[in-house]
Amino acid sequence: YSLLANVLVFAGQPEKSVRLVQKALQLSPHAPAIHLQVLGEAYFSLGRYKEAIEALKRGLQYNPGAGTLHYYLAASYARTGQMDDARWEIDETRAQQPTISLRHLRKTLPFQNKSHLEELIEALRSAGMPE
């Protein structure tokens, strides 16, 4: 369910993604970080930043070393005006992935809906991720 949900986030269907991840969480109540990462990505794409923060923080409890969780959390914090937290999450991301950049994400994230990609990029830029 989470794999399909992740594909749907990139395909521009985050609403369907949320439903699938919720099903995955029902089936596996001891949710691995990937379920919560995908849920956070979907909520971010929907502009539901506070819900994204909640899901991503829960995901980090399972896998504190997951760079994707950190940079989506940074973007979500940036969109809610929590800039100190956003910058801290960028620092955590860069500690784990020193070469990560906006350029790299732009080239590698397969968003079909480019506005979702640009929303993420702009939030990360405001949080301090390097070009």
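Visitor: Which helices do the buried residues of α5 pack against?
Guide: Buried here means under 20% relative accessible area, with exposed over 50% and partly exposed in between (1.4 Å probe, protein chains only), and contact means heavy atoms within 4.5 Å. Helices are DSSP runs (H or I, at least four residues), numbered from the N terminus. This is a predicted model, where local features need pLDDT of at least 70, side-chain atom pairs count only at pLDDT 80 or more, and totals for chains, interfaces and linings use all residues; side-chain values use heavy atoms, without hydrogens and water, and residues are numbered from 1 along each chain as its sequence is written. The partners are α3 (33-45), α4 (49-62), α6 (83-96), α7 (102-108) and α8 (114-127).

Visitor: How many of the 13 residues of α5 are buried?
Guide: The list includes G67, Y72 and A78. Helix α5 is largely enclosed by the rest of the structure, because its buried count is 12 of the 13.

Visitor: What does α5 span from its first C-alpha to its last?
Guide: Residues 67-79 make up this helix. At 1.5 Å times one less than the number of residues, the expected value is 18 Å. The model comes close to that, at 19 Å.

Visitor: Are the ring planes of F44 and Y72 stacked or edge-to-face?
Guide: Rings of Phe, Tyr and Trp (its six-membered ring) pair if their centres lie within 6.5 Å; planes under 30 degrees apart are stacked, over 60 edge-to-face, the rest tilted. The whole structure has four aromatic pairs. With centres 5.8 Å apart and planes at 80°, F44 and Y72 are edge-to-face.

Visitor: Which helices hold F44 and Y72?
Guide: They sit 28 residues apart, so the pair links distant parts of the chain. F44 lies in α3 and Y72 in α5.

Key. Helix = DSSP H or I, 4+ residues; strand = E, 2+ residues; numbered from the N terminus.
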